[in-house]
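Subject: Structure for you to look at, with notes

Dear colleague,

Here is the structure I promised to send over, with my notes below it. Please read them with the model open beside you.

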Amino acid sequence: MAFIEAYVTNLGKYNEGELASEPLKFPTTTEEVQALLKRIGVDNIQYEEIFIADYDGDLPELNACLGEYESIDELNHLACLLSELDKSDLEKFEAAVASGEHTSGVGDLINLVENLDCYDFYIGVSDDETLGRIYAEDMELINIPENLRDYFDYEAYGRDMRINEDGGFVKGGFFLPNGSQFIEYYHGLEDIPDEHKVFAYPQLSIREQMAAYKEVIDRFPQAAERPRPEQSHTDR
């Protein structure tokens, strides 16, 4: 399952009027990232910067929550966490995203995955009457005499409960916070496990490095007067 598919794009070439972009499916590996960067010309010599031109994947509600300059390592960490969820928790995550809970960026979404026990999700519940019957009959939150059940307004009761509990209908069911404390476990890149960190520039041969430096100098003669930058594996 491709939880996230990001169209990784060479920013420098884009600014020059050329589109060099390829999709990258997450979770991914360092080798896949390096190979993709090499194919789109991001070598940390001529071109260093990337951005995400678009998103795709099997969780469409998620795509609108991700930005152009998200970290590759953070995207991979999020996808790895999603891959560890069972079906019911994955459905709950989709419902949380659809409701707009903690969706302001990839860091928010990582914390959301870690706090799914703060929410309840009733699959298939899509109207107030059904919700009212669940609260009244299944949960028995209100005592309705048997002889009055045919006259009870389950729809109004369900609507009141939905409003009072700050819940909402989303695609797939009814979603609501259950009052548990939301804990911010993730604070930044330093919290990503090493096995989830995948960003690295391509490893170039000496010949490839010299050819790249020559092209830079041919295009920008003033660059010949500057010290050559050391290769870095800083995440973009």
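What follows is an account of what was found, arranged by region.

Please keep in mind throughout that this is a predicted model.

**Helix α6 and its two partners**

I begin with helix α6, residues 106-114, and with how other helices pack against it. Two packed helices are described by the angle between their axes and the distance between the axes. For α4 and α6 the angle is about 20 degrees, and the axes are 10 Å apart. Because angles under 35 degrees count as roughly parallel, α4 is described as roughly parallel to α6. The crossing in which α4 passes α6 is left-handed. On the α4 side the contact is made by Glu 74, Leu 75, His 77, Leu 78, Leu 81 and Leu 82, and these meet Val 106, Leu 109, Ile 110, Val 113 and Glu 114 of α6.

Is Glu 70 buried or exposed? This residue lies in the loop between α3 (60-63) and α4 (72-83), and with a relative accessible area of 14% it is buried, because the cut-off for that word is under 20%. The side chain of Glu 70 reaches the backbone nitrogen of Gly 67 at 2.9 Å.

**Helices α7 and α8, with the strands that cover them**

In α7 (128-138), the buried residues are Asp 128, Leu 131, Gly 132, Ile 134, Tyr 135 and Ala 136, and what covers them includes α8, β5 and β6. In helix α8, residues 154-164, the buried residues are Tyr 154, Ala 156, Tyr 157, Gly 158, Met 161 and Arg 162; their cover includes α7, β5 (168-170) and β6 (173-177).

Asp 127 caps the N-terminal end of α7, with a side-chain oxygen 3.2 Å from the backbone nitrogen of Glu 129. At the start of α8, a side-chain oxygen of Asp 153 comes to within 3.3 Å of the backbone nitrogen of Glu 155.

Strand β5 contains Phe 169, which counts as partly exposed because its relative accessibility is 31%. Apart from its neighbours within four places in sequence, Phe 169 is in contact with Val 125, Ser 126, Asp 127, Asp 128, Leu 131, Arg 162 and Phe 174. Asp 127 in that list is the residue that caps α7, while Asp 128 and Leu 131 are among the buried residues of α7 and Arg 162 is one of the buried residues of α8. The C-alpha atoms of Phe 169 and His 187, which are 18 residues apart along the chain, are separated by 30 Å.

**Backbone points to check**

Most residues other than glycine have a negative phi, and most peptide bonds are trans. Asp 166, which follows α8, has a positive phi near 60 degrees. Asp 166 is found in the loop between α8 and β5, and at 58% relative accessibility Asp 166 counts as exposed.

Finally, the peptide bond from Phe 26 to Pro 27 is cis, with omega near 0 degrees, and Pro 27 has its place in the loop between β2 (21-26) and α2 (30-39).

Notes
Residues are numbered from 1 along each chain as its sequence is written. This is a predicted model: local features need pLDDT of at least 70, side-chain atom pairs count only at pLDDT 80 or more; totals for chains, interfaces and linings use all residues. Side-chain values use heavy atoms; hydrogens and water are left out. Helices (H or I, at least four residues) and strands (E, at least two) are DSSP runs, numbered from the N terminus. Buried means under 20% relative accessible area, exposed over 50%, partly exposed in between (1.4 Å probe, protein chains only). A polar contact is a pair of N or O atoms within 3.5 Å; within protein, one must be able to donate a hydrogen and the other to accept it, and residues adjacent in sequence count only if both atoms are side-chain atoms. Axes are lines fitted to C-alpha atoms, for helices over the stretch in contact, and angles run from 0 to 180 degrees between N-to-C directions. Angles under 35 degrees count as roughly parallel, over 145 as roughly antiparallel, 65 to 115 as roughly perpendicular and the rest as oblique. A crossing is left-handed if the near helix is turned anticlockwise from the far one by less than a right angle, and right-handed if clockwise. Contact means heavy atoms within 4.5 Å.
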